[in-house]
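I set out below what I looked up in one structure, entry by entry.

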Amino acid sequence: MNAWKKWAVRFCVATVAVLCTVMFVLTWWLPSDEELAMRLTALADERFGVAVSIRSVGWSLLPTPSVTVHDFRTQQEQPVSIAKLTAYPNVRMLLQRKLVLEAVEIDGAVVPRDAFRTLRVKPQATEAAAGA
């Protein structure tokens, strides 16, 4: 075998090994779908002041990182419901441990006007407000 063929094989093996390692670390580091659903439900309960139910949550890294929430519903007389919400975060900001969404897609949303009266949305403190 020629020297360049040996080099090409070694390069391919090393590339596959690095990619497998990265995927293993990401799978270990990122939360499971169930854990993510519990976190989002608890956060929404706290932020909206009413109980929230989420049927399922899933995240994916390829082709672009995204989080998809299925069947979001507030527990109130006239519930706010969203059949599917997909959020696309800014990858560069995620690496800095900040959540900035580039796009959000919402399918099948029902938002009754009277539902807002019972929601008590608590704004999140920003870094600028916290520093002032």
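The entries that follow record each look-up in turn.

**Basis**

I worked from a predicted model, in which local features need pLDDT of at least 70 and side-chain atom pairs count only at pLDDT 80 or more, while totals for chains, interfaces and linings use all residues. Residues are numbered from 1 along each chain as its sequence is written, and side-chain values use heavy atoms, with hydrogens and water left out.

**Nonpolar core**

I found nine residues in it: Leu 36, Ala 37, Ala 44, Val 52, Ile 54, Val 57, Val 69, Phe 72 and Ile 82. H2, E1 and E2 each supply at least two residues of this core. Helices (H or I, at least four residues) and strands (E, at least two) are DSSP runs, numbered from the N terminus.

I listed its contacts (heavy atoms within 4.5 Å), leaving aside residues up to four places away in sequence: Phe 72 touches Ala 44, Phe 48, Val 52, Ser 53, Ile 54, Val 80, Ser 81 and Ile 82.

**Aromatic pairs**

I recorded Trp 7 and Phe 11 as stacked, because their ring centres are 5.6 Å apart and their planes stand at 10°. The two residues are four apart in helix H1, so about one helical turn separates them. Trp 7 is exposed at a relative accessible area of 58%, and Phe 11 is partly exposed at 49%.

I recorded Phe 48 and Phe 72 as edge-to-face, because their ring centres are 6.3 Å apart and their planes stand at 80°. This pair links distant parts of the chain, with Phe 48 in helix H2 (residues 33-48) and Phe 72 in strand E2 (residues 66-74), 24 residues apart. Phe 48 is partly exposed, with a relative accessible area of 26%.

**Salt bridges**

I counted two salt bridges, each defined as a side-chain nitrogen of Lys or Arg within 4 Å of a carboxyl oxygen of Asp or Glu.

I noted one between Glu 35 and Arg 39 at 2.9 Å, N to O. Both residues lie in helix H2, four residues apart, about one turn of the helix. Glu 35 is partly exposed at 32% relative accessibility, and Arg 39 is partly exposed at 48%.

I noted another between Asp 71 and Arg 55 at 2.7 Å, N to O. Asp 71 lies in strand E2 and Arg 55 in strand E1 (residues 52-60), so the pair ties together parts 16 residues apart in sequence. Asp 71 is partly exposed at 35%, whereas Arg 55 is exposed at 59%.

**Backbone at Asp 71**

I returned to Asp 71 for its backbone angle. Its phi is near 55°, a positive value in a residue other than glycine. Most residues other than glycine have a negative phi.

**Ser 66**

I checked Ser 66, which lies in strand E2. Ser 66 is buried, with 10% relative accessibility. Ser 66 touches Gly 58, Trp 59, Ser 60, Thr 86, Ala 87, Tyr 88 and Pro 89, not counting residues up to four places away in sequence.

**Surface patch**

Which residues make the nonpolar surface patch of about 460 Å²? I listed Leu 94, Leu 99, Leu 101, Val 104 and Ile 106. Patches are made of residues with over 30% relative accessible area and no salt bridge: like charges are joined within 9 Å, and nonpolar side chains (Val, Leu, Ile, Met, Phe, Trp, Tyr) within 5 Å. Accessible areas come from the Shrake-Rupley method with a 1.4 Å probe, and for residues only the protein chains shown count as cover.

Strand E4 (residues 101-110) gives the largest share of the patch, three residues. Leu 99 sits in the loop between helix H3 (91-95) and E4, and Leu 99 is exposed at a relative accessible area of 65%.

Methods:
Buried means under 20% relative accessible area, exposed over 50%, partly exposed in between (1.4 Å probe, protein chains only). Rings of Phe, Tyr and Trp (its six-membered ring) pair if their centres lie within 6.5 Å; planes under 30 degrees apart count as stacked, over 60 as edge-to-face and the rest as tilted. A nonpolar core is a set of buried Ala, Val, Leu, Ile, Met, Phe, Trp, Tyr and Cys residues joined through side-chain atoms within 4.5 Å.
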